[in-house]
Amino acid sequence: MEKILECLSIEKYLSIIDNMYRLGWDERNGGNVSMLLLKEEVEAYVPKAVIREIPLPIVADPLLRGKTLAITRTGGYFRNTKAHPEHNIGIIEISPDGTKALLHWGFEDDGCFTSEVYAHLLCHAARLKVNPNNRIVMHTHPTNLLALTHLVKLDEKELTLALWRTMTESIVVFPEGVGLLPWMLCGTNEIGQATAEKMADHRVVVWSLHGVYGSGDTIDEAFGLIETVEKAAEIMIKELGHEIINDIDDEGLKAIAAHFKLTPHPGYLK
């Protein structure tokens, strides 16, 4: 076994990616995940040799320079990633000047990082500025959440409140609410920048008619965040066309937040 695959963070990374495919969130080559490796993980498991240098499409923020990431491959299929990680992921180090990715492992057959690398680099930097422990940026296509963006008004506050009201866990897991973007062309600096701006005060950002971005200190945390938003969206889908008899009102939401010592998004609750 290659040494990098003995790293527990990489084992979990591969397992979660496989689970995302099994849930039906990442069809074909859809979805991408990047994870910052800890210094001790890099020292213990990452090969020191640089296989090749890959130009970055933007200059990485100084917070990311010298950092090492695991990141999924452009055109890679999540369903194949766990079985063939050396083909479908790469371990890259951001060069000191932020212009290149130094490939230490993976991306066999001249592969490259995801085309959404714009959003990943920008979102990592945005989250690190508010939470130095953030390590994960995850993009996926949860079925119910994507469908919901076809059916509801694209209003960030209204969507957040509706998701909070579906079940008690919603406001507990994402008290800051969800960020929301209108449809935008993917794979561009523009959508990456817009997502990063939302990530300044949200850990999850919905791309209307496309999918979602989530972040977290661990891959379990980021996955669990998206999982909870998707569950709430599924409940909303099932409610459509039915009279809502019972719901969690603002007083109930405030009581949940107070019990768990959480601060809901300012101005959302009356």
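Which residues touch the most other members of the largest nonpolar core? The legends below start there. This is a predicted model, in which local features need pLDDT of at least 70 and side-chain atom pairs count only at pLDDT 80 or more, while totals for chains, interfaces and linings use all residues. Residues are numbered from 1 along each chain as its sequence is written, and side-chain values use heavy atoms, with hydrogens and water left out.

**View 1. The largest nonpolar core.** This core has 49 residues, of which Ile 10, Tyr 13, Met 138 and Leu 163 touch the most other members. Helix 10 supplies the largest share of this core, nine residues. A nonpolar core is a set of buried Ala, Val, Leu, Ile, Met, Phe, Trp, Tyr and Cys residues joined through side-chain atoms within 4.5 Å. Buried means under 20% relative accessible area, exposed over 50%, and partly exposed in between (1.4 Å probe, protein chains only). Helices (H or I, at least four residues) and strands (E, at least two) are DSSP runs, numbered from the N terminus. Met 138 touches, among others, Ile 16, Met 20, Val 212, Phe 223 and Ile 226, not counting residues up to four places away in sequence; contact means heavy atoms within 4.5 Å. Another core, of 31 residues, lies apart from the largest one, and its members include Ile 71, Ala 101, Ala 196 and Val 205.

**View 2. Thr 228 in helix 10.** Thr 228 sits in helix 10, which covers residues 219-239. Thr 228 is buried because its relative accessible area is 14%. A polar atom of the Thr 228 side chain lies 2.8 Å from the backbone oxygen of Gly 224. Beyond its neighbours within four places in sequence, Thr 228 is in contact with Met 167, Glu 169, Ser 170, Val 173 and Phe 174.

**View 3. Ile 171 in helix 8.** Helix 8 (residues 168-173) holds Ile 171. With a relative accessible area of 0%, Ile 171 is buried. Residues up to four places away in sequence aside, Ile 171 touches Trp 164, Leu 253, Ile 256, Leu 262, Pro 264 and Leu 269. Ile 171 and Phe 260 are 89 residues apart in sequence, and their C-alpha atoms are 9.8 Å apart in space.

**View 4. Thr 114 and Asp 109 in one loop.** Thr 114 is placed in the loop between strand 5 and helix 5. Asp 109 also lies in the loop between strand 5 (100-106) and helix 5 (117-130). Is Thr 114 buried or exposed? Thr 114 counts as buried, at 5% relative accessibility, whereas Asp 109 is exposed, with a relative accessible area of 64%. The side chain of Thr 114 makes a polar contact with the side chain of Asn 32 (3.3 Å). A polar contact is a pair of N or O atoms within 3.5 Å; within protein, one must be able to donate a hydrogen and the other to accept it, and residues adjacent in sequence count only if both atoms are side-chain atoms. Most residues other than glycine have a negative phi. Asp 109 is not a glycine, yet its phi is positive, about 60 degrees.

**View 5. Lys 261 after helix 11.** Lys 261 is found in the segment after helix 11 (250-259). Lys 261 has a positive phi of about 55 degrees although it is not a glycine. Its relative accessible area is 75%, so Lys 261 is exposed.

**View 6. Val 152 between two helices.** The loop between helix 6 (143-151) and helix 7 (156-166) contains Val 152. Val 152 is partly exposed, with a relative accessible area of 25%. Leaving aside its neighbours within four places in sequence, Val 152 is in contact with Leu 159 and Met 236.

**View 7. Ile 191 in helix 9.** Helix 9 (residues 189-199) includes Ile 191. Ile 191 is buried, as its relative accessible area is 2%. Not counting residues up to four places away in sequence, Ile 191 touches Leu 181, Met 184, Leu 185, Cys 186 and Trp 207. Glu 41 is 150 residues from Ile 191 along the chain, and 31 Å separates their C-alpha atoms.
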